[in-house]
Every structure is written in C-alpha cells, then in structure tokens.
Amino acid sequence: MSELTLTVMRLGFLAVLWLFVIVAVQVIRSDLFGTRVTQRGSRRGNEARPQQTARQATTTAPQQQRQQPAGGGRQRRGAPTKLVVSEGTLTGTTVALQGQTITLGRAHDSTIVLDDDYASSRHARIYPDRDGQWIVEDLGSTNGTYLDRTRLTTPTPVPLGAPIRIGKTVIELRK
Amino acid sequence: MSVVTNTTTIGAIEAPSRRNTELMLLVFAVAIAVFAYANVGLAINGTLPAGMLGYGVGLTLLAGVGHLVVRKFAPYADPLLLPLATLLNGIGLALIWRLDQSPRLKERDNFAAVASKQLMWTAVGVALFVAVLMLLKDHRILQRYTYISMVVSLVLLILPVFFPPVYGARIWVTIPGVGSLQPGEFAKIIIAIFFSGYLMVKRDALALASRRVMGLYLPRGRDLGPILVIWALSILILVFETDLGTSLLFFGLFVVMLYVATERTSWIVFGLLMSAVGAVSVASFEPHVQQRVQAWLDPFSKTTLAQTEQIAQSLMAFGSGGTLGTGLGQGNSDLIGFAANSDFILATVGEELGLAGMMAILLMYGLIVERGVRTALAARDPFGKLLAIGLSSALAIQVFVVAGGVMGLIPLTGMTMPFIAQGGSSVVANWALIAILIRISDTARRPAPAPAPSPDAEMTQVVRP
C-alpha cells in the first residue's frame, strides 16, 4: 500500500467518524417534540419579525396539512380551529386545535401554563370527543371553571365563542 | 394600542416515529465499521482482509435484526441509541481484530485471536437486546422487582469473592470448562433498577426532612442509613475484591441518583467526602490498591517499571498519536502487551486515530448519555425517569473511570470500555442496558393516549331532561 493511499484513508476515516457525529447532532436538533411556542410579530413593528414568522409559518404548514386528513372525517363546517385567551395575563395567546387535548393549569407541563392565583395546578382540560365536538372538563379545581356564568360540574361541550373562565383568565374557541 | 397583548401561539408537535432516520444512521454506522476493518487490513497486509465479507455481513445482520425489532416493538424509541451502540461495537471489533494481527502480541504466551469470539459475544448481546425489547413490554414492570433486584445485585457483587483472583482483582466468576463471567457488569443494571425503585418511594423523606446548616441541607441521621450502607458495601468491595472500578461505579451511581431524586446538593458533597475518605483509607493498607496508585503517580518510575509499564506505554501511545493519529493498523499500541485489547483499547484509539478520533469516540459516548438524560426528562413516570438517569450515568461513570485510568487522570481500575473493549460480559450487559433505555424512550416519546370518553358524562346527559 502506498503512503499516499494510507494517508488519505487515515484522514478519510477521521472525516467519516466526525461526519457521523455531526449527523447525529443534526438528528437531535430536528428531534424536538412537545409544545411549540411561536412568537408572532409584535405591535411595535420589528423589521426582522415578519420574516421569521413567515419561515415558521412554512415549517408549521406541512404539519397542519398532514393533520387535516387524519381528523377529516369528523371535521365539520364551523368547527373551531383555534383557542384564544381573551383576558388575563396570557391575553393574545392562541393554540391551534389539531385534535390534541389541551390542559390548563399552573403545572409546568400544561399546554397553557396559567399564571393566575385562582387557578389550580391541573385546572381543566379541553378535548375533542369522538364526533369532533370540543368538550371542556374541570379537573377538580379549587375555584372552579365557568362556561359563561355556570360553574362546570360535568364535561360540557363548548359552543364557538363562549367564554370559559378560569380565575382571571378567559378562553374561547374561534374559527 | 396601550393594551399589552401577549402574542404567542402554542401548537402541538407530534412525536414522529423516526425509524427511517435510525435506519439511515445504522447503514452509515455499519459502513464506517467496515471501512475501519478494511483500513486495518490494507495497512497491515496490503490487501483487503479475507474476513471482511463475514465481518460486514455479520454486523449488518445484527444491526438489521436490532432495527427490525425496534421498529416492531418500540416504534417511538429514540433514533440515536441503536446506531451509536452499533458503531462503537463495530469500531471495537475492528480494533480488536487489528490487535489480533499484531506480531508482538502473537509472541506472548497466552495470546489468542479473539475478534471472532467478540463477534459471537456481540451476537449474544444483540440477542439479549432483542429479548429485553420483546419481553419487557413496559419498564414499570421492573419496579415490582425493587427488592429482589437488590438481593440479586448484592449476590452478583459478592459472588466473585469466592473465586480466585485474576490479575490481582476478584471480579471474575470462573466456572471450569464453561468460561468466566464478570458479574459486576450485570450488577450495574440491576442495581440501577433497585435504586430507582427505592428512591422513588423514599425521595420525599430524603429531600424534605432535613435541617439547614451553613447553606447545606443536612439529612437526618436515620435517612443517612441507606447511604451509609451503600458506602460500607462499596468499601467492602474495594477491600475484599480489590476492585476500585466497581466500587467507584456503584457508589457514584448511588450518589448521582440520590441527587437527581432529591435535588439536594448536600448529597453530592457527602458522597464526594465519603468516597474520598474511603478510597484514601483503603489505599493506605491494601497493597493492590497502593500499587495502582503508585503506578498512577509515577508511571515512568525506574524501580517499579515492571508493574507500571502498561500505563507508561499507554501514555506514550497517546503521545505518539498526536492530533490526527498514525492511521489504523500503523501504531505501536500493541507494546502495551497484556490487556491491550480490553482495558487499554482506548490507547489504540488514541494512537491510531489521534486526538481527533478519540474526541469523536468520546462524543459518541456523550451522545448516548445525552439521549439517556433526554429520555429521563421526557419520561412521564418517576421510576422511568430515575432508571433512565441511573443507566445513562452508570455508562458515563464507567467511561470516565476507564478513560481517566488509561489517560493517567485517575488510578487505573479493572473496568472495560463499554462496547469497544474485548470482553463478553461487558458487551452483553451493555446491549441490555441500551435495550432498557430504548424501552423507556419508546414509552416516553409515544404520543399521549387520547382521553377516554368519560362514562359519567354520557350518563349525565342521558339523565338530563
């Protein structure tokens, strides 16, 4: 074996070894799962923001498209597509409704982490039933969950735009 | 416009199954290992090695079986654990085969070519990996065996005392005619199961009932009980088996898991103090340990070079490797002689692949540990969390102890580098460890089950007018 071949192989092997490590790290980078929090453009009109939003929109788009056929059978006209916090410290936060259960409470692993003195750690959850109807259920909270003015005692279907109150926070489903 | 609004969107990211990524990485890993094998052959004999086809096919088969089983039984598992383990094992096989070819080692009395044997042990390891994934449907089943695993691990740790010492340390169980086994390798997995089950139940007592003295939370005397027992046991292992590695692994694992379970820094402080006191006092009277410490402090000593030569040769190997190494098959790490392909295999990596290759190998271990910790973070049950942390930190401690010993950072201990080093028990036990981690990560990354339709709700609606 010539010296040159061996040198090339030696450096080549190291390169391949490092390439593997780099690919592995790339896999970790793309391996995020859990809850995605996206900052939308702020009111002050930061120039960099819209661009970022556009990019994030493109990354989320295929996912939504993929989700759509899955729930296609039970998706009805006039079904809500997002959940919006309309009052309280989290005002403006939205959650895309993709058939997943949304948990509300002060616990860190909730979908919406409420920073509210009147909320329990696992306060309530909102989930679709088999027909795709969204249901809100109080999870035995101390101060209760209100749909409009009535305190919830059983899992109750949520009409579009009806306010769900948890402490000072108000949440509604929108199209 | 004066109303402050929060403009965040929260969306769910579905956990993808990622099995195809794993397959891609596995193909890559097997290709690298075969490349290493070919490189060794070309460098030593000038031709492609004759056993290359068998080696390549064997490794491909093992990786393929592993992948298919993961695809079937743990579809949401972490995509990196299996490829990383396969690559380390493959490189290890190539390095062992490389040392088999060394003329210097062939001259030694007890020389035996072990590469094919190691491939067979790898097959046994993968078989155990498959068995664990198929039989262990849920890692929480292990929780039921908390105290049984305590007994089993103690038996495994104590067993070698009754067998004659091999090269100064009693870590082997030798059955005449059958072979020998290093039970400590299996004990580390079983003891991690015991620690997780025990700490899951006791962590509140250990974490909350404490007094604050000078910024440190001091545990109550009676809560110190278990840590004292474990400490005494690890000291006893050190005294009776003269095995620094196992006792360090055993005690270190306990302190790490105690810290993770209770979030109290004081446990780390106590653990370090106690292990320091124990190690120093044992080293003061145990000749085998003294010898190891002496070899660590002064490897190039003129008077005792016969005993310290291995470490001296290993340090020289790292030095002559430099940044980019001498190339596979072209180093002189076989000068280490005895145990060149087991305890000292990292010296071969250091010499023939250089600092660059060494860092890559250590990073791969780091990635396995990282995936283990990530699994622990994602796991939904406390037992799974503790077990994942325990297993990955056992691997991390072992890598640290071996690499530190070979590089002269800490006294050398009789432990093997997971996956790379020659040794049946080690490779089999580590494949089982990876299997349990894959099982936990599958459970952790599986999408949460849809909420069960509440029977109460339906009934209430029926009753409602």
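β6(A) and β7(A) form a hairpin with 5 residues between them, and G132(A) in its turn has a positive phi of about 90°. The model described here is predicted.

## The hairpin and its sheet

Strand β6 (residues 124-128) of chain A and strand β7 (residues 134-138) of chain A run antiparallel and are joined by 5 bridges. A124(A) has D138(A) in β7(A) as its bridge partner. On β7(A) there is a further pairing, as 2 bridges connect this strand to β10(A), again in the antiparallel sense. Within that pairing, V136(A) has T156(A) of β10(A) as its bridge partner.

These strands belong to an open sheet of 5 strands in chain A, with the order β5-β4-β6-β7-β10 and mixed pairing. At the edges stand β5 (112-113) and β10 (156-157) of chain A; each has a single partner strand, so one side of each is left without a neighbour in the sheet. Strands of a sheet pair through backbone hydrogen bonds, either parallel or antiparallel.

How many of the residues of β7(A) are buried? The strand is mostly covered, with 5 of its 5 residues buried. In a regular strand the side chains alternate between the two faces of the sheet. For β7(A), W134(A), V136(A) and D138(A) lie on one side, I135(A) and E137(A) lie on the other, and both faces are covered.

A record also refers to this part of the chain: an unreviewed UniProt entry lists residues 102-152 of chain A for "domain: FHA". Over residues 102-152 of chain A, the chain is 0% helix and 39% strand, and the end C-alpha atoms are 17 Å apart.

## Pairings of β2 in chain A

Another hairpin of chain A is built from β2(A) and β3(A), with 6 residues between them; G88(A) in the turn has a positive phi of about 105°.

| Strand | Partner strand | Sense | Bridges |
|---|---|---|---|
| β2(A), residues 82-87 | β3(A), residues 94-96 | antiparallel | 3 bridges |
| β2(A) | β12(A), residues 169-174 | antiparallel | 5 bridges |
| β6(A), residues 124-128 | β7(A), residues 134-138 | antiparallel | 5 bridges |
| β7(A) | β10(A) | antiparallel | 2 bridges |

## Chain B and its aromatic pairs

The secondary structure of chain B comprises 17 helices and 5 strands. Of its 465 residues, 54% count as buried. Among contacts in chain B between residues at least 6 apart in sequence, 74% join residues at least 24 apart.

Over all chains, the structure holds 11 aromatic pairs. In one of them, the ring centres of F129(B) and W431(B) are 5.4 Å apart and the planes stand at 80°, so the pair is edge-to-face. F129(B) lies in helix α5 (residues 115-135) of chain B and W431(B) in helix α16 (residues 424-445) of chain B, so this pair ties together parts that are 302 residues apart in sequence. Both F129(B) and W431(B) are buried.

A stacked pair is formed by F195(B) and F250(B), because their ring centres are 6.4 Å apart and their planes are at 20°. F195(B) lies in helix α7 (residues 183-208) of chain B and F250(B) in helix α9 (residues 244-262) of chain B, so the pair ties together parts 55 residues apart in sequence. F195(B) counts as buried at 0% relative accessibility, and F250(B) is buried with a relative accessible area of 4%. Both residues belong to one aromatic cluster, together with Y147(B), F194(B), Y198(B) and F254(B).

A ring of chain B also faces a charge: the charged end of K72(B) sits over the ring of F73(B), 5.2 Å from its centre.

In soluble globular proteins, nonpolar side chains tend to be buried together. The largest nonpolar core has 136 residues, of which F20(A), F129(B), F195(B), L387(B), M417(B) and I438(B) touch the most other members. Helix α15 (residues 382-407) of chain B gives the most to this core, with 14 residues. Apart from this core lies another, of 23 residues, among them V85(A), L97(A), L152(A) and I164(A).

Leaving aside residues up to four places away in sequence, I438(B) touches V70(B), A74(B), A77(B), L81(B), L82(B), F129(B) and L133(B).

Notes. Residues are numbered from 1 along each chain as its sequence is written. Chains are lettered from A and ligands numbered from 1 in the order in which they are written. This is a predicted model: local features need pLDDT of at least 70, side-chain atom pairs count only at pLDDT 80 or more; totals for chains, interfaces and linings use all residues. Side-chain values use heavy atoms; hydrogens and water are left out. Rings of Phe, Tyr and Trp (its six-membered ring) pair if their centres lie within 6.5 Å; planes under 30 degrees apart count as stacked, over 60 as edge-to-face and the rest as tilted. Helices (H or I, at least four residues) and strands (E, at least two) are DSSP runs, numbered from the N terminus. Buried means under 20% relative accessible area, exposed over 50%, partly exposed in between (1.4 Å probe, protein chains only). A charge sits over a ring if NZ of Lys or CZ of Arg is within 6 Å of the ring centre and within 35 degrees of the ring normal. Two strands pair if DSSP finds at least two bridges between them. A nonpolar core is a set of buried Ala, Val, Leu, Ile, Met, Phe, Trp, Tyr and Cys residues joined through side-chain atoms within 4.5 Å. Contact means heavy atoms within 4.5 Å. UniProt positions are given in the numbering used here, feature names are shortened, and annotations may be inferred rather than shown by experiment.
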